[in-house]
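Good morning, and thank you for coming. Please keep the display in view as I speak.

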Amino acid sequence: MNLRETLKINEKGHLEIGGMDTVDIAEKFGTPLYVFDEDYIRKMMRVYKNTIEKEYDGNGQVLYASKAFSCEAIYAIAKQEGIGVDVVSGGELYTALKAGFPLKKAYMHGNNKLLRELDFALDNGIGSIVVDSFREADIIEELAGNKGIKQNVLIRINPGVEAHTHAFIQTARTDSKFGFSVSDGSAEELIAYILKKKNIVLKGYHCHIGSQIFEKRSFELAAEKVMDFSAYIKKKLGFEVSELNMGGGFGVWYNEEDPKLKSADYENYLKALIKTIKEKADEHGLKLPYLLIEPGRSIVGEAGITLYTVGAIKEIKGVKKYVAVDGGMFDNPRYALYQSKYSVLLANRAKEPCTEKVTVAGKCCESGDLIAVDVSLPEAKEGDVMAVLTTGAYNYSMASNYNRNFIPAAVLVKDGKADYIIKPQTYEDIVRNDLIPESLKK
């Protein structure tokens, strides 16, 4: 298995992350447990930030995409690294605020932002809001007017490029709950509508073409289309874009079907995007816009692993062998939702040869509660520590208390030391908001 530089197998044959033995981590903090490598997170933030500095004269900003993994510690790291964040809910916004993150460097997304979320965002000095409906523009206009401020906004547009994993397609009109199409006139209509507002300052456009993308050309094509559209709007409406947010979507390694990317590969994705924007700006006589990108998964995805303890083992002769762990779909629902594939190993026996294929099952009362299917492992034994790799993005974010299981704690590891960044839940946490009406107490 091809492990990254801060994830290795030590002389004991144990998996190690951030200089600390995962067996020791499991013993100290218990399982299931999310484990994050701080150095890797910082390295990836710097890869994007430094590329903008070198290739675009620093005329831009990295925005960490909160939906990948949101907690106070990640915003504290983002603040120290001097990058911005994007948030998609009042909860993410509140978490960033509580962590002391400067909200002038925060951008707010969402296709149906609630009134209370927008009000909260404006009250706390949100840097910019990505508008995704005419109704939302009206709400922001009214709120900003009542507060005596002018709110910066972008609008989300669909350039007719969709990309996921290894493929991308061009479409005349994108069918999505997000954004407005550049091809059917709806994006132009929203721009004209917002330009008439007194309390809204339109800065530019936001575009996001997909996720888990490895095809560099898809980013280039999206940039071409957005810049062509910018030139058209300048000519048609007299508005010139000053900020351009090209979203995220850079892919990560989950298993051997995915390419194993290095820092230089992520730099090259961004270099290609920047080169296209420069060429198109020159072609159309446009000023270079302030460039924003929103990597989330590629910053924390491979930085995180999940540790479990092996429990029941059930073999159905001639059919399948199940190895059950103390977690499940409540801490990682991605296989149950869309059959996501992961790399799995026994952290306490990482050097041993794999001798069988098994299905890793969770403890929930659901037949579909699976973590991984047909993965190769040594013969697992009760009490083994199992590690599932690349769980830093969208695992904790999507976790739940299904079956009233605990959402696992999370620790941050650096230089051989680990500390909680999300503390363990208790049974009291599970029932904290429960109430029994008086009528049921009789």
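Let us begin with proline 32, which is found in the loop between helix H1 (22-29) and strand E4 (33-37). Please bear in mind that this is a predicted model. The peptide bond leading from threonine 31 to proline 32 is cis, and its omega is near -5 degrees.

Tyrosine 394 is not a glycine, yet its phi is positive, at about 70 degrees. Asparagine 403 also lies in the loop between E22 and E23. Its phi is positive as well, at about 60 degrees, although asparagine 403 is not a glycine. Are these residues buried or exposed? Tyrosine 394 has a relative accessibility of 16%, so it counts as buried. Asparagine 403 has 37%, and therefore counts as partly exposed.

I turn now to the helices. The axes of helix H2 (residues 38-55) and helix H3 (residues 72-81) come within 11 Å and cross at roughly 45 degrees. Because of that angle, H2 is oblique to H3. The crossing of H2 past H3 is right-handed. On the H2 side, the contact is made by Glu38, Ile41, Arg42, Met45, Arg46 and Lys49, and on the H3 side by Ile74, Ile77, Ala78, Gln80 and Glu81. Sorted by class, the residues of this contact are five nonpolar, one polar and five charged.

Another pair is formed by helix H5 (residues 115-123) and helix H6 (residues 134-147), whose axes come within 10 Å and cross at roughly 40 degrees. H5 is therefore oblique to H6. Here, too, the crossing is right-handed. Among the H5 residues that meet H6 are Leu115, Leu118 and Leu122. The contact of H5 with H6 has seven nonpolar, no polar and four charged residues.

Finally, the interior. In soluble globular proteins, nonpolar side chains tend to be buried together. Which residues have the most contacts inside the largest nonpolar core? They are Ile41, Tyr205, Met246 and Met386, in a core of 110 residues. Helix H8 (residues 216-237) gives the most to this core, with nine residues. Leaving aside neighbours within four places in sequence, methionine 246 is in contact with several residues, including Cys207, Ala222, Val226, Leu273 and Leu291. Apart from this core lies another, of 22 residues, among them Leu7, Met20, Leu33 and Leu345.

Key. Residues numbered from 1 in each chain as written. Predicted model: local features only at pLDDT ≥ 70, side-chain atom pairs only at ≥ 80, totals over all residues. Heavy atoms only, no water. Axes fitted to C-alpha atoms, helices over the stretch in contact; angles between N-to-C directions. Helix = DSSP H or I, 4+ residues; strand = E, 2+ residues; numbered from the N terminus. Parallel < 35°, antiparallel > 145°, perpendicular 65-115°, else oblique. Left-handed = near helix turned anticlockwise from the far one by under 90°. Contact = heavy atoms within 4.5 Å. Nonpolar A, V, L, I, M, F, W, Y, C, P; charged D, E, K, R; others polar. Core = buried A, V, L, I, M, F, W, Y, C linked by side-chain atoms within 4.5 Å. Buried < 20%, exposed > 50% of the residue type's maximum accessible area, 1.4 Å probe, protein only.
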